[in-house]
Amino acid sequence: MLILTCPCCGVEADETELHGGGEAHLSRHGPGSTDDAFRDYLFSRENPRGVHFERWRHVNGCGKWFHAARCTATLEVFGTYPAQTTEPPQSIRDAITARRSGWRWRDIA
Ligand SMILES: [Zn+2]
């Protein structure tokens with residue numbers, strides 16, 4: 001079972017208390033963008049086997065959104081952090097690199 005610690009209220013919650021919100025750190029494209037950029041924003045998502053950054057909401061708790069970094073293959077959680085960030089904090093990236101040598105943060109435009 002996936003267990004995440006909500007960074008907003010500090011509660012360690014299993015996935016039945018949470019609701020997934022899809023991929024984190026999406027680049028928003030709206031009016032004025034190209035059709036391809038808008039299509040990718042609406043429909044294109046990462047689906048890695050490995051490290052992934054996701055949005056979660058603590059539905060049966062504080063109700064706040066947050067981000068989680070985890071491995072989709074093993075459910076290993078590298079950390080959670082507030083949703084008001086445009087990229088993972090350095091501490092999360094360091095935790096991933098320590099356990100997944102060769103991993104590096106991709107450049108998300
Ligand atoms: Zn919470």
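Here are some questions and answers about this predicted model.

Residues are numbered from 1 along each chain as its sequence is written. Since the model is predicted, local features need pLDDT of at least 70 and side-chain atom pairs count only at pLDDT 80 or more, while totals for chains, interfaces and linings use all residues.

User: What pattern does the protein chain follow along the sequence?
Analyst: Let's start with the pieces: the protein chain has two helices and six strands. Both are DSSP runs numbered from the N terminus, with helices being H or I of at least four residues and strands being E of at least two. Read along the sequence, the pattern is β-β-β-α-β-β-β-α.

User: Which strands stand at the edges of the open sheet of four strands?
Analyst: The order in this sheet is β3-β4-β5-β6, with antiparallel pairing; two strands pair if DSSP finds at least two bridges between them. The edge strands each have a single partner, so one side of each is left without a neighbour in the sheet. They are β3 (19-23) and β6 (77-82).

User: Which residue in β4 stands opposite Glu23?
Analyst: β3 pairs with β4 (residues 51-57) in the antiparallel sense, over three bridges. Opposite Glu23 you'll find Glu54.

User: How many of the 109 residues count as buried, in %?
Analyst: Buried means that 20 or more other C-beta atoms lie within 10 Å of a residue's own; exposed means 12 or fewer, partly exposed is in between, and C-beta atoms are placed from the backbone. By that rule, the buried share of the protein chain is 17%.
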